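Please keep the sequence and the structure in view while reading.

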Amino acid sequence: MRSLAPISAKHEQIEIGWGERRTIADLRRTDRRVLRIEVQPSGGVVVFAPSGEPVDAIYERLSRKGAWIFRELDRIAARPLTTPERRLVSGETHLLLGRQYRLSIEQSDDAYVRVEGSRLNISARRVDDQAHCRRLLSAFYTFTARAVFRERLAAVIPPFTRKGLRTPILVVRRMSKRWGSYTPKGRIVLNVDLVRASPLLIDYVICHELAHAFHPNHGKEWHSLLDAVMPDWKSRKDQLEGFLR
């Protein structure tokens, strides 16, 4: 049964069906010519449709993607529970580039964070000032992410530059619902939290987004390009989805 519930002029909800299964998706009208479907890590579905596209045409295109949409929803439902937020106390573990490090917080007049062997050491003037320690650790992850992402981008971009792509501007910031994006202005945006993953998984996200420079949606052409530059990308995607939760 079709259902379209208005929320605002550019924000509606639409029912997606596949067999006996149903889910409600946000429908957002955009200026783009291509319909795009986004299955979010939270389990929500967002459909970005051209502003002038008739509702019947949207339903027809969604019906062809029903199997993929519910397969992605099942994959998300099967993931492990999200790791609780760290309390920033000595002894707990933190991820960096795919490795677990034991946190050590020490008193010092000089504030810094650094890796020493298997330990991630935070030196702070007050070891009980969690807000200050959290800011130090956040700055360390951001600094490390910028350096690592720049290095990995240079490593994986050659197959794309041979197709005519110019090296995009790299932007590193916190993102609540995705690992990265590629903007129409030619920027690649990466989630700073991705630095907790191994370089192999970081490479996958970068290639995923670079492929969008040529194909904005996840259609056959996008899959073919990613298959060509990274044949094992599906395995890396599965690892990433389970690794950082």
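Two strands are said to pair if DSSP finds at least two bridges between them, and helices (H or I, at least four residues) and strands (E, at least two) are DSSP runs, numbered from the N terminus. The model is predicted, so local features need pLDDT of at least 70 and side-chain atom pairs count only at pLDDT 80 or more, while totals for chains, interfaces and linings use all residues. Residues are numbered from 1 along each chain as its sequence is written, and side-chain values use heavy atoms, with hydrogens and water left out.

**Strand pairing**

- Strand E7 (residues 99-107) pairs with strand E6 (residues 93-96) in the antiparallel sense over four bridges, and tyrosine 101 in E7 is the bridge partner of histidine 94.
- Two residues lie between E6 and E7 in the hairpin that they form, and leucine 97 in its turn has a positive phi of about 55°.
- With strand E9 (residues 119-124), E7 pairs in the parallel sense over six bridges, and serine 123 in E9 is the bridge partner of glutamate 106.

**Aromatic pairs**

- Rings of Phe, Tyr and Trp (its six-membered ring) pair if their centres lie within 6.5 Å, and planes under 30 degrees apart count as stacked, over 60 as edge-to-face and the rest as tilted; a search of the whole structure finds five aromatic pairs.
- Phenylalanine 160 and phenylalanine 214 form a stacked pair, at 6.4 Å centre to centre and with 25° between the planes.
- Phenylalanine 160 lies in helix H4 (residues 158-161) and phenylalanine 214 in the loop between helix H5 (199-211) and helix H6 (220-229), so this pair ties together parts that are 54 residues apart in sequence.
- Phenylalanine 160 is buried, with a relative accessible area of 0%, whereas phenylalanine 214, at 30% relative accessibility, counts as partly exposed (buried means under 20% relative accessible area, exposed over 50%, partly exposed in between, with a 1.4 Å probe and protein chains only).
- The ring centres of tryptophan 222 and tryptophan 233 are 5.4 Å apart with the planes at 80°, so the pair is edge-to-face; it links distant parts of the chain, with tryptophan 222 in helix H6 and tryptophan 233 in helix H7 (residues 233-243), eleven residues apart.
- Tryptophan 222 is buried at 2% relative accessibility, and tryptophan 233 is buried with a relative accessible area of 4%.
- Tyr204, Trp222 and Trp233 form one aromatic cluster.

**Charge over a ring**

- The charged end of arginine 36 sits over the ring of phenylalanine 48, 4.2 Å from its centre, where the criterion is NZ of Lys or CZ of Arg within 6 Å of the ring centre and within 35 degrees of the ring normal.
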